[in-house]
Amino acid sequence: MVGVTATWPESGGLLPVTRVPGGELAEVAARADFAVLPVGAVEWHGPHLPLGTDLILAEGFAAESGRSPGGPRGVLFPAVPYAACPGQTRPWPGTVAIRPEIAVGYLADVIEGIVAAGFGRLLIVNGHDAN
């Protein structure tokens with residue numbers, strides 16, 4: 001076997017989809033047990049926390065999904081960073097909110113693309129309560 005699939009740990013783990021060559025995607029999807037999609041938001045969490053707190057949590061939990069010794073093989077998709085942020089954080093500086101209908105449509109398109117790429121199981125790790 002040649003390429004990125006040869007470096008995928010046989011003991012399981014996560015392979016970032018952004019590192020998979022297009023010509024190897026079908027094989028990677030066929031060998032994967034699941035795909036992972038972290039979802040968060042960029043928003044105010046107070047003066048003491050980063051604006052990306054939701055993303056940091058979602059990406060961290062997503063990474064943990066592939067850390068079981070001898071566990072399944074997963075493919076990690078890039079995090080969806082923007083979401084609908086209802087009234088509580090919207091007026092604060094640094095909050096980047098999109099309309100709920102845009103958020104739902106965007107996420108549906110992302111999920112459709114992942115499934116169309118051959119991934120039959122998708123774990124969505126949500127770090128934002130309004131998603």
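Which strands does helix α2 (residues 53-64) lie across? Select α2 and you'll find β1, β2, β3 (73-76) and β4 under it, with the helix running at about 165° to β2. Contact here means heavy atoms within 4.5 Å, and angles run from 0 to 180 degrees between N-to-C directions, along axes fitted to C-alpha atoms. Helices (H or I, at least four residues) and strands (E, at least two) are DSSP runs, numbered from the N terminus.

A word on the source: this is a predicted model, where local features need pLDDT of at least 70, side-chain atom pairs count only at pLDDT 80 or more, and totals for chains, interfaces and linings use all residues. Residues are numbered from 1 along each chain as its sequence is written, and side-chain values use heavy atoms, leaving out hydrogens and water.

Now colour the strands: four of them make an open, parallel sheet, ordered β1-β3-β2-β4. Pairing takes at least two DSSP bridges between two strands.

Next, pick Trp 44 and Trp 92, a stacked aromatic pair with 4.9 Å centre to centre and 10° between the planes. Ring centres (six-membered ring for Trp) must lie within 6.5 Å to pair; planes under 30 degrees apart are stacked, over 60 edge-to-face, the rest tilted.

Last stop: Phe 77 and Phe 119, whose ring centres are 5.6 Å apart with planes at 90°, so this pair is edge-to-face. Phe 119 is buried at 3% relative accessible area (buried is under 20%, exposed over 50%, partly exposed in between, with a 1.4 Å probe and protein chains only).
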